[in-house]
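Subject: Handing over the structure

Hi,

Here is the structure I promised to pass on to you.

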Amino acid sequence: LDEVSRATVPSQTFWDLNGFDQWNVRLIVTCRQEHVNDYGSCLGDPSRLFIQAFGPDHIRAYVRMRMHAHEGHAATGIRFGHTATSPARPTSDPTCKTSDIVESSEVEQRLDAMLADMQKSRIRKGYRVPFRLSMAMDLYLQQPEAGPISFGSLSRAAQLYDLWLRHDIRQKGGSGCIDEVMTKAQQLAWDLHCTDRVQAKVEGLGAEDWFRKCPLRVHDYHPESCFSFKHKSIQEYLAASHLYRKLREGTAHDELSKMLLSTDFEVLRFFADIYSEQMPHCVDGVDTVRQRLLNHVLATRESHDDAAVRRASNSMSLLNAAGVSFFGMDLQGVHIPGCTLHGANLMRAALNGANLQGADLRGAVLDFADLRGADLTNATAGEPLATLEGHTAFVISASFSPDGSRIVSSSRDRTVRVWNANSGEPLATLEGHTERVTSASFS
(Lines give C-alpha, C1' and ligand atoms only; values in the text may rest on other atoms or scores of the structure.)
Protein backbone atom coordinates (compact mmCIF):
# COMPACT_ATOMS: atom_id res chain seq x y z
CA LEU A 1 0.00 0.00 0.00
CA ASP A 2 3.01 2.30 0.18
CA GLU A 3 3.72 1.92 -3.55
CA VAL A 4 3.60 5.06 -5.68
CA SER A 5 2.65 4.72 -9.31
CA ARG A 6 4.72 5.86 -12.24
CA ALA A 7 1.82 7.91 -13.57
CA THR A 8 2.56 11.38 -14.86
CA VAL A 9 -0.10 12.90 -12.60
CA PRO A 10 1.47 13.21 -9.11
CA SER A 11 -1.86 12.92 -7.29
CA GLN A 12 -2.61 9.49 -8.76
CA THR A 13 -1.34 6.84 -6.39
CA PHE A 14 -1.32 3.08 -6.75
CA TRP A 15 -4.55 2.97 -4.73
CA ASP A 16 -6.29 5.65 -6.80
CA LEU A 17 -5.30 4.24 -10.19
CA ASN A 18 -6.65 0.78 -9.41
CA GLY A 19 -9.98 2.05 -8.15
CA PHE A 20 -9.85 0.06 -4.93
CA ASP A 21 -12.62 2.20 -3.45
CA GLN A 22 -14.97 0.27 -5.73
CA TRP A 23 -13.71 -3.16 -4.70
CA ASN A 24 -15.32 -5.41 -2.13
CA VAL A 25 -12.09 -5.62 -0.14
CA ARG A 26 -12.06 -8.27 2.58
CA LEU A 27 -8.74 -7.52 4.19
CA ILE A 28 -6.09 -4.77 4.25
CA VAL A 29 -2.61 -5.57 5.52
CA THR A 30 -0.15 -2.76 6.16
CA CYS A 31 2.86 -2.04 8.32
CA ARG A 32 2.13 1.71 8.42
CA GLN A 33 -0.51 2.12 11.11
CA GLU A 34 -0.61 5.92 10.90
CA HIS A 35 -2.10 5.83 7.38
CA VAL A 36 -4.91 3.32 7.87
CA ASN A 37 -7.53 6.05 7.47
CA ASP A 38 -6.23 6.90 4.00
CA TYR A 39 -7.13 3.62 2.34
CA GLY A 40 -10.62 4.54 1.23
CA SER A 41 -14.10 3.46 2.22
CA CYS A 42 -14.03 0.12 0.43
CA LEU A 43 -13.37 -1.96 3.53
CA GLY A 44 -16.74 -1.48 5.16
CA ASP A 45 -16.13 -3.29 8.43
CA PRO A 46 -13.05 -1.66 10.03
CA SER A 47 -12.54 -4.73 12.22
CA ARG A 48 -11.09 -6.45 9.14
CA LEU A 49 -8.15 -4.07 9.01
CA PHE A 50 -4.93 -5.72 10.17
CA ILE A 51 -1.66 -4.04 11.07
CA GLN A 52 0.89 -6.64 10.07
CA ALA A 53 4.42 -6.47 11.41
CA PHE A 54 7.12 -9.10 11.02
CA GLY A 55 7.21 -11.73 13.73
CA PRO A 56 10.39 -13.51 14.93
CA ASP A 57 10.03 -16.30 12.35
CA HIS A 58 9.54 -13.83 9.51
CA ILE A 59 12.58 -11.83 10.60
CA ARG A 60 14.74 -14.94 10.86
CA ALA A 61 13.63 -16.25 7.46
CA TYR A 62 14.17 -12.91 5.74
CA VAL A 63 17.59 -12.39 7.30
CA ARG A 64 18.62 -15.93 6.34
CA MET A 65 17.60 -15.37 2.73
CA ARG A 66 19.57 -12.12 2.56
CA MET A 67 22.64 -13.74 4.07
CA HIS A 68 22.50 -16.75 1.76
CA ALA A 69 21.99 -14.53 -1.27
CA HIS A 70 24.95 -12.42 -0.22
CA GLU A 71 27.10 -15.50 0.22
CA GLY A 72 26.15 -16.77 -3.22
CA HIS A 73 23.62 -19.36 -1.99
CA ALA A 74 20.53 -17.86 -3.60
CA ALA A 75 19.76 -21.18 -5.31
CA THR A 76 20.02 -23.42 -2.26
CA GLY A 77 16.26 -23.76 -1.84
CA ILE A 78 15.76 -21.22 0.94
CA ARG A 79 12.08 -20.40 1.27
CA PHE A 80 10.32 -17.66 3.24
CA GLY A 81 9.01 -19.02 6.51
CA HIS A 82 11.65 -21.69 7.15
CA THR A 83 12.88 -21.89 10.70
CA ALA A 84 16.49 -21.89 11.75
CA THR A 85 16.38 -25.63 12.29
CA SER A 86 15.28 -26.27 8.70
CA PRO A 87 18.35 -26.62 6.46
CA ALA A 88 18.30 -25.24 2.94
CA ARG A 89 18.33 -28.83 1.66
CA PRO A 90 18.08 -32.04 3.63
CA THR A 91 21.49 -33.46 4.39
CA SER A 92 20.31 -36.78 2.92
CA ASP A 93 19.96 -35.08 -0.46
CA PRO A 94 22.59 -36.82 -2.65
CA THR A 95 23.25 -33.50 -4.41
CA CYS A 96 24.13 -31.83 -1.11
CA LYS A 97 27.88 -31.59 -0.76
CA THR A 98 29.76 -31.59 2.54
CA SER A 99 31.03 -28.10 1.74
CA ASP A 100 27.43 -26.91 1.34
CA ILE A 101 26.54 -28.25 4.79
CA VAL A 102 29.56 -26.58 6.36
CA GLU A 103 28.86 -23.26 4.63
CA SER A 104 25.18 -23.43 5.58
CA SER A 105 26.15 -24.10 9.19
CA GLU A 106 28.46 -21.11 9.17
CA VAL A 107 25.66 -18.89 7.85
CA GLU A 108 23.33 -20.17 10.60
CA GLN A 109 25.94 -19.36 13.23
CA ARG A 110 26.30 -15.85 11.85
CA LEU A 111 22.52 -15.59 11.73
CA ASP A 112 22.21 -16.55 15.40
CA ALA A 113 24.88 -14.05 16.38
CA MET A 114 23.29 -11.28 14.34
CA LEU A 115 19.77 -11.86 15.71
CA ALA A 116 21.15 -11.96 19.25
CA ASP A 117 22.88 -8.64 18.59
CA MET A 118 19.65 -7.25 17.17
CA GLN A 119 17.82 -8.11 20.39
CA LYS A 120 20.24 -5.89 22.33
CA SER A 121 19.19 -2.83 20.36
CA ARG A 122 16.83 -0.28 21.88
CA ILE A 123 15.03 -0.16 18.53
CA ARG A 124 14.61 -3.95 18.19
CA LYS A 125 10.83 -3.52 17.79
CA GLY A 126 11.53 -1.32 14.79
CA TYR A 127 12.98 -4.29 12.94
CA ARG A 128 9.48 -5.75 12.79
CA VAL A 129 8.80 -3.10 10.13
CA PRO A 130 9.89 -4.75 6.85
CA PHE A 131 11.55 -1.68 5.32
CA ARG A 132 13.62 -0.99 8.42
CA LEU A 133 14.74 -4.60 8.53
CA SER A 134 15.73 -4.32 4.88
CA MET A 135 17.75 -1.18 5.65
CA ALA A 136 19.49 -2.92 8.55
CA MET A 137 20.44 -5.86 6.35
CA ASP A 138 21.82 -3.54 3.66
CA LEU A 139 24.11 -2.06 6.29
CA TYR A 140 25.04 -5.40 7.81
CA LEU A 141 26.04 -6.87 4.46
CA GLN A 142 28.00 -3.88 3.23
CA GLN A 143 31.06 -5.14 5.17
CA PRO A 144 32.95 -1.89 5.61
CA GLU A 145 36.60 -1.94 6.60
CA ALA A 146 35.65 -1.76 10.25
CA GLY A 147 33.42 -4.84 9.88
CA PRO A 148 29.62 -5.31 9.82
CA ILE A 149 27.40 -2.89 11.69
CA SER A 150 26.48 -3.77 15.27
CA PHE A 151 22.71 -3.71 15.67
CA GLY A 152 23.11 -3.50 19.42
CA SER A 153 24.85 -0.14 19.01
CA LEU A 154 21.78 1.44 17.37
CA SER A 155 19.65 3.16 19.98
CA ARG A 156 17.38 5.31 17.80
CA ALA A 157 15.60 4.91 14.47
CA ALA A 158 17.20 8.14 13.25
CA GLN A 159 20.63 6.49 13.51
CA LEU A 160 19.51 3.67 11.23
CA TYR A 161 18.14 6.09 8.63
CA ASP A 162 21.22 8.31 8.70
CA LEU A 163 23.61 5.37 8.27
CA TRP A 164 21.54 3.80 5.50
CA LEU A 165 21.14 7.05 3.56
CA ARG A 166 24.88 7.72 3.66
CA HIS A 167 25.50 4.13 2.54
CA ASP A 168 23.02 4.51 -0.33
CA ILE A 169 24.64 7.75 -1.51
CA ARG A 170 28.08 6.16 -1.26
CA GLN A 171 26.91 3.21 -3.36
CA LYS A 172 25.95 5.67 -6.11
CA GLY A 173 29.44 7.15 -6.24
CA GLY A 174 28.77 10.04 -3.91
CA SER A 175 31.50 9.38 -1.35
CA GLY A 176 32.96 12.86 -1.77
CA CYS A 177 29.68 14.77 -1.52
CA ILE A 178 27.57 12.89 1.04
CA ASP A 179 26.85 15.93 3.22
CA GLU A 180 25.89 18.04 0.21
CA VAL A 181 23.51 15.38 -1.11
CA MET A 182 22.00 14.89 2.37
CA THR A 183 21.37 18.63 2.75
CA LYS A 184 19.71 18.92 -0.65
CA ALA A 185 17.69 15.73 -0.07
CA GLN A 186 16.46 17.19 3.22
CA GLN A 187 15.27 20.34 1.46
CA LEU A 188 13.61 18.27 -1.27
CA ALA A 189 11.85 16.08 1.30
CA TRP A 190 10.64 19.12 3.21
CA ASP A 191 9.31 20.79 0.05
CA LEU A 192 7.27 17.68 -0.69
CA HIS A 193 6.16 17.07 2.87
CA CYS A 194 5.00 20.58 3.71
CA THR A 195 2.75 20.55 0.63
CA ASP A 196 1.37 17.11 1.57
CA ARG A 197 2.92 15.32 -1.42
CA VAL A 198 4.87 12.09 -1.76
CA GLN A 199 5.39 12.43 -5.50
CA ALA A 200 6.34 15.19 -7.95
CA LYS A 201 7.55 15.71 -11.50
CA VAL A 202 11.27 15.53 -12.15
CA GLU A 203 11.26 18.71 -14.26
CA GLY A 204 14.72 20.34 -14.22
CA LEU A 205 16.06 18.28 -11.32
CA GLY A 206 16.96 15.36 -13.56
CA ALA A 207 20.12 17.13 -14.76
CA GLU A 208 21.40 17.65 -11.19
CA ASP A 209 24.07 15.21 -10.02
CA TRP A 210 22.93 15.36 -6.40
CA PHE A 211 19.36 14.50 -7.42
CA ARG A 212 20.53 11.29 -9.12
CA LYS A 213 22.31 10.28 -5.92
CA CYS A 214 19.21 10.74 -3.76
CA PRO A 215 17.35 7.64 -2.50
CA LEU A 216 14.52 7.98 -5.01
CA ARG A 217 12.05 5.78 -6.82
CA VAL A 218 12.06 7.14 -10.37
CA HIS A 219 11.41 5.53 -13.76
CA ASP A 220 13.71 7.87 -15.67
CA TYR A 221 14.92 11.46 -15.41
CA HIS A 222 12.70 12.90 -18.13
CA PRO A 223 11.17 16.22 -16.97
CA GLU A 224 7.63 14.80 -17.19
CA SER A 225 8.45 11.66 -15.22
CA CYS A 226 7.49 11.43 -11.56
CA PHE A 227 9.70 10.64 -8.61
CA SER A 228 9.23 9.85 -4.94
CA PHE A 229 11.53 8.80 -2.14
CA LYS A 230 12.10 5.05 -1.92
CA HIS A 231 9.88 4.90 1.14
CA LYS A 232 7.57 7.41 2.82
CA SER A 233 9.53 7.07 6.05
CA ILE A 234 12.69 8.31 4.28
CA GLN A 235 10.84 11.48 3.31
CA GLU A 236 9.61 11.88 6.90
CA TYR A 237 13.10 11.38 8.35
CA LEU A 238 14.68 13.84 5.91
CA ALA A 239 11.93 16.41 6.56
CA ALA A 240 12.56 16.15 10.32
CA SER A 241 16.33 16.44 9.71
CA HIS A 242 15.78 19.58 7.62
CA LEU A 243 13.66 21.13 10.35
CA TYR A 244 16.25 20.35 13.03
CA ARG A 245 19.11 21.73 10.91
CA LYS A 246 17.22 24.97 10.26
CA LEU A 247 16.56 25.32 13.99
CA ARG A 248 20.25 24.86 14.73
CA GLU A 249 21.00 27.59 12.18
CA GLY A 250 18.28 29.86 13.57
CA THR A 251 16.51 30.08 10.21
CA ALA A 252 13.40 27.94 10.77
CA HIS A 253 10.80 30.75 10.74
CA ASP A 254 9.37 29.78 7.35
CA GLU A 255 9.40 26.04 8.07
CA LEU A 256 7.54 26.45 11.35
CA SER A 257 4.91 28.59 9.60
CA LYS A 258 4.22 26.21 6.69
CA MET A 259 2.06 23.48 8.22
CA LEU A 260 0.68 22.23 11.52
CA LEU A 261 2.86 19.43 12.88
CA SER A 262 0.67 18.32 15.78
CA THR A 263 -0.67 15.25 13.93
CA ASP A 264 2.48 14.59 11.89
CA PHE A 265 3.49 11.87 14.30
CA GLU A 266 6.30 10.31 12.26
CA VAL A 267 8.07 13.64 11.74
CA LEU A 268 7.66 14.40 15.44
CA ARG A 269 9.16 11.01 16.38
CA PHE A 270 12.09 11.45 14.03
CA PHE A 271 12.66 14.99 15.34
CA ALA A 272 12.72 13.66 18.91
CA ASP A 273 15.28 11.02 17.86
CA ILE A 274 17.49 13.57 16.12
CA TYR A 275 17.22 16.03 19.01
CA SER A 276 18.29 13.35 21.50
CA GLU A 277 21.03 12.01 19.21
CA GLN A 278 22.55 15.43 18.52
CA MET A 279 22.66 16.61 22.15
CA PRO A 280 24.16 18.76 23.44
CA HIS A 281 22.93 21.63 21.29
CA CYS A 282 24.52 24.15 23.62
CA VAL A 283 26.29 27.42 22.85
CA ASP A 284 27.75 29.05 25.96
CA GLY A 285 25.74 26.66 28.09
CA VAL A 286 22.41 27.37 26.36
CA ASP A 287 20.44 24.70 24.49
CA THR A 288 19.94 26.77 21.34
CA VAL A 289 17.28 24.54 19.74
CA ARG A 290 15.18 24.40 22.89
CA GLN A 291 15.54 28.14 23.49
CA ARG A 292 14.62 29.08 19.92
CA LEU A 293 11.50 26.94 20.08
CA LEU A 294 10.52 28.48 23.44
CA ASN A 295 11.10 31.97 22.03
CA HIS A 296 8.56 31.25 19.28
CA VAL A 297 6.05 30.17 21.94
CA LEU A 298 6.61 33.21 24.17
CA ALA A 299 6.53 35.60 21.21
CA THR A 300 2.76 35.07 20.89
CA ARG A 301 2.20 37.08 24.05
CA GLU A 302 2.79 40.12 21.86
CA SER A 303 2.09 38.91 18.30
CA HIS A 304 -1.06 36.97 17.43
CA ASP A 305 -0.84 36.85 13.63
CA ASP A 306 -1.48 33.49 11.96
CA ALA A 307 2.18 32.79 11.11
CA ALA A 308 3.40 33.55 14.64
CA VAL A 309 0.68 31.41 16.22
CA ARG A 310 1.43 28.49 13.89
CA ARG A 311 5.15 28.77 14.71
CA ALA A 312 4.31 28.72 18.41
CA SER A 313 1.98 25.72 18.14
CA ASN A 314 4.54 23.76 16.12
CA SER A 315 7.31 24.74 18.52
CA MET A 316 5.30 23.50 21.49
CA SER A 317 4.58 20.20 19.72
CA LEU A 318 8.29 19.76 18.87
CA LEU A 319 9.40 20.57 22.41
CA ASN A 320 6.96 18.05 23.84
CA ALA A 321 7.96 15.38 21.30
CA ALA A 322 11.60 15.93 22.29
CA GLY A 323 10.72 15.24 25.93
CA VAL A 324 11.23 18.78 27.22
CA SER A 325 9.59 19.26 30.62
CA PHE A 326 7.36 22.28 31.19
CA PHE A 327 7.40 21.85 34.98
CA GLY A 328 6.83 25.21 36.65
CA MET A 329 7.26 27.07 33.35
CA ASP A 330 5.71 30.51 32.90
CA LEU A 331 3.54 30.12 29.78
CA GLN A 332 0.77 32.51 30.72
CA GLY A 333 -0.87 34.28 27.82
CA VAL A 334 0.77 32.23 25.06
CA HIS A 335 -1.19 31.26 21.92
CA ILE A 336 -0.60 27.59 21.02
CA PRO A 337 -3.89 26.31 19.55
CA GLY A 338 -3.87 22.85 18.03
CA CYS A 339 -0.53 21.82 19.55
CA THR A 340 0.04 18.32 20.88
CA LEU A 341 0.87 18.13 24.58
CA HIS A 342 0.12 14.44 24.84
CA GLY A 343 1.81 13.18 28.01
CA ALA A 344 3.46 16.55 28.66
CA ASN A 345 4.75 17.42 32.12
CA LEU A 346 2.86 20.65 32.86
CA MET A 347 2.95 20.32 36.64
CA ARG A 348 2.88 23.77 38.27
CA ALA A 349 3.04 25.42 34.84
CA ALA A 350 1.44 28.87 34.56
CA LEU A 351 -0.99 28.62 31.63
CA ASN A 352 -3.46 31.22 32.80
CA GLY A 353 -4.91 33.18 29.89
CA ALA A 354 -3.29 30.84 27.35
CA ASN A 355 -4.99 29.94 24.07
CA LEU A 356 -5.16 26.14 24.09
CA GLN A 357 -7.98 25.72 21.60
CA GLY A 358 -7.96 22.24 20.08
CA ALA A 359 -4.80 21.25 21.99
CA ASP A 360 -4.20 17.56 22.71
CA LEU A 361 -3.79 17.29 26.48
CA ARG A 362 -4.36 13.55 26.77
CA GLY A 363 -2.13 12.08 29.43
CA ALA A 364 -0.66 15.46 30.34
CA VAL A 365 0.39 15.96 33.97
CA LEU A 366 -1.53 19.05 35.06
CA ASP A 367 -1.13 18.84 38.84
CA PHE A 368 -1.16 22.35 40.32
CA ALA A 369 -1.09 23.89 36.81
CA ASP A 370 -2.73 27.32 36.64
CA LEU A 371 -5.37 27.21 33.89
CA ARG A 372 -7.41 30.21 35.01
CA GLY A 373 -8.79 32.04 32.00
CA ALA A 374 -7.23 29.58 29.56
CA ASP A 375 -9.21 28.94 26.38
CA LEU A 376 -9.70 25.15 26.26
CA THR A 377 -12.32 25.13 23.49
CA ASN A 378 -12.23 21.75 21.70
CA ALA A 379 -9.14 20.72 23.66
CA THR A 380 -8.79 16.95 24.04
CA ALA A 381 -8.13 15.57 27.48
CA GLY A 382 -9.71 12.13 27.29
CA GLU A 383 -13.37 11.25 27.68
CA PRO A 384 -14.73 12.18 31.16
CA LEU A 385 -16.21 9.25 33.07
CA ALA A 386 -17.81 11.28 35.85
CA THR A 387 -17.86 14.73 37.42
CA LEU A 388 -17.46 14.82 41.18
CA GLU A 389 -19.19 17.95 42.47
CA GLY A 390 -19.23 19.19 46.04
CA HIS A 391 -16.00 21.04 46.82
CA THR A 392 -16.41 24.79 46.99
CA ALA A 393 -12.78 25.70 46.29
CA PHE A 394 -9.73 24.51 44.34
CA VAL A 395 -9.21 20.72 44.55
CA ILE A 396 -5.60 20.00 45.50
CA SER A 397 -5.39 16.20 45.48
CA ALA A 398 -7.36 13.07 44.60
CA SER A 399 -6.47 9.39 44.89
CA PHE A 400 -8.09 5.97 44.59
CA SER A 401 -8.53 3.45 47.38
CA PRO A 402 -6.41 0.29 47.07
CA ASP A 403 -9.39 -1.68 45.69
CA GLY A 404 -10.36 1.10 43.27
CA SER A 405 -13.90 1.43 44.62
CA ARG A 406 -13.55 4.85 46.28
CA ILE A 407 -11.87 8.20 45.66
CA VAL A 408 -10.69 10.60 48.33
CA SER A 409 -10.12 14.28 47.51
CA SER A 410 -8.85 17.29 49.44
CA SER A 411 -9.42 20.96 48.79
CA ARG A 412 -8.76 24.55 49.72
CA ASP A 413 -12.28 24.55 51.16
CA ARG A 414 -10.72 22.80 54.23
CA THR A 415 -12.59 19.53 53.66
CA VAL A 416 -11.79 15.97 52.64
CA ARG A 417 -14.45 14.15 50.63
CA VAL A 418 -14.90 10.48 49.84
CA TRP A 419 -16.65 9.37 46.64
CA ASN A 420 -17.99 6.21 45.06
CA ALA A 421 -15.58 5.63 42.16
CA ASN A 422 -18.21 3.84 40.07
CA SER A 423 -21.19 6.16 40.45
CA GLY A 424 -19.48 9.41 41.47
CA GLU A 425 -21.82 9.76 44.45
CA PRO A 426 -20.43 11.43 47.61
CA LEU A 427 -19.99 9.00 50.52
CA ALA A 428 -18.60 11.25 53.25
CA THR A 429 -17.41 14.77 53.98
CA LEU A 430 -14.68 15.15 56.61
CA GLU A 431 -14.68 18.61 58.18
CA GLY A 432 -12.60 20.16 60.92
CA HIS A 433 -9.40 21.36 59.30
CA THR A 434 -8.67 25.04 59.87
CA GLU A 435 -6.54 25.44 56.71
CA ARG A 436 -6.56 24.03 53.22
CA VAL A 437 -5.95 20.28 53.01
CA THR A 438 -2.99 19.69 50.68
CA SER A 439 -3.18 15.89 50.46
CA ALA A 440 -5.37 12.93 51.38
CA SER A 441 -5.03 9.23 50.59
CA PHE A 442 -6.16 5.83 51.75
CA SER A 443 -3.87 3.82 54.00
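A search of the whole structure turns up 16 salt bridges. Please keep in mind that this is a predicted model. I picked a few of the salt bridges to walk through.

How accessible are the two partners? Aspartate 112 has 40% relative accessibility and counts as partly exposed, whereas arginine 60 is buried at 18%.

Arginine 64 and glutamate 108 also meet through their side chains, in a salt bridge of 2.8 Å from N to O. Here arginine 64 belongs to helix H2 and glutamate 108 to helix H3, so the pair ties together parts that lie 44 residues apart in sequence. Arginine 64 is buried, with a relative accessible area of 1%. Glutamate 108 is buried too, with a value of 14%.

Arginine 301 forms a salt bridge with aspartate 330, and their closest N and O atoms are 3.2 Å apart. This pair links distant parts of the chain, 29 residues apart: arginine 301 is in the loop between helix H11 (288-298) and helix H12 (306-321), while aspartate 330 is in the loop between H12 and strand S8 (395-400). Arginine 301 is partly exposed, at 32% relative accessibility. Aspartate 330 is partly exposed as well, with a relative accessible area of 38%.

**The overall picture**

Stepping back, the protein has 12 helices and 11 strands. It has 443 residues, of which 43% count as buried. Of the contacts with a separation of 6 or more, 50% come from residues 24 or more positions apart. The protein exposes about 23,300 Å², and carbon and sulfur atoms supply 49% of that area.

**Cysteines**

How many disulfides does the structure hold? The count is zero. Take cysteine 177 as an example: the closest cysteine sulfur belongs to cysteine 214, and at 9.9 Å it is too far for a bond. For a disulfide, the two sulfur atoms would have to be within 2.5 Å. Cysteine 177 counts as buried, at 18% relative accessibility. Cysteine 339 is likewise buried, with a relative accessible area of 1%.

**Around serine 397**

If you have the model open, have a look at serine 397, which lies in strand S8. With 16% relative accessibility, serine 397 counts as buried. Which residues does serine 397 touch, leaving out those up to four places away in sequence? They are Val408, Ser409, Ser410, Thr438, Ser439 and Ala440.

Two of these neighbours come up again in the polar details. The side chain of serine 397 makes a polar contact with the side chain of serine 410, at 2.7 Å. A polar atom of the serine 397 side chain also lies 3.3 Å from the backbone nitrogen of alanine 440. As for arginine 412, its C-alpha is 9.9 Å from that of serine 397 in space, and the two residues are 15 apart in sequence.

**A three-stranded sheet**

Last stop: an open sheet of three strands, in the order S3-S5-S4 and with antiparallel pairing. Strand S3 (200-201) and strand S4 (216-218) stand at the edges with a single partner strand each, so one side of each has no neighbour in the sheet. As a reminder, strands of a sheet pair through backbone hydrogen bonds, either parallel or antiparallel. S4 and strand S5 (residues 226-229) run antiparallel and are joined by three bridges. To find the pairing on screen, look for leucine 216, which stands opposite phenylalanine 229 in S5.

Best wishes

Notes: Residues numbered from 1 in each chain as written. Predicted model: local features only at pLDDT ≥ 70, side-chain atom pairs only at ≥ 80, totals over all residues. Heavy atoms only, no water. Salt bridge = Lys/Arg side-chain N within 4 Å of Asp/Glu carboxyl O. Buried < 20%, exposed > 50% of the residue type's maximum accessible area, 1.4 Å probe, protein only. Helix = DSSP H or I, 4+ residues; strand = E, 2+ residues; numbered from the N terminus. Contact = heavy atoms within 4.5 Å. Areas by Shrake-Rupley, 256 points an atom, 1.4 Å probe, with all protein chains shown as cover. Polar contact = N/O pair within 3.5 Å; in protein donor to acceptor, adjacent residues only side chain to side chain. Pairing = 2+ DSSP bridges.
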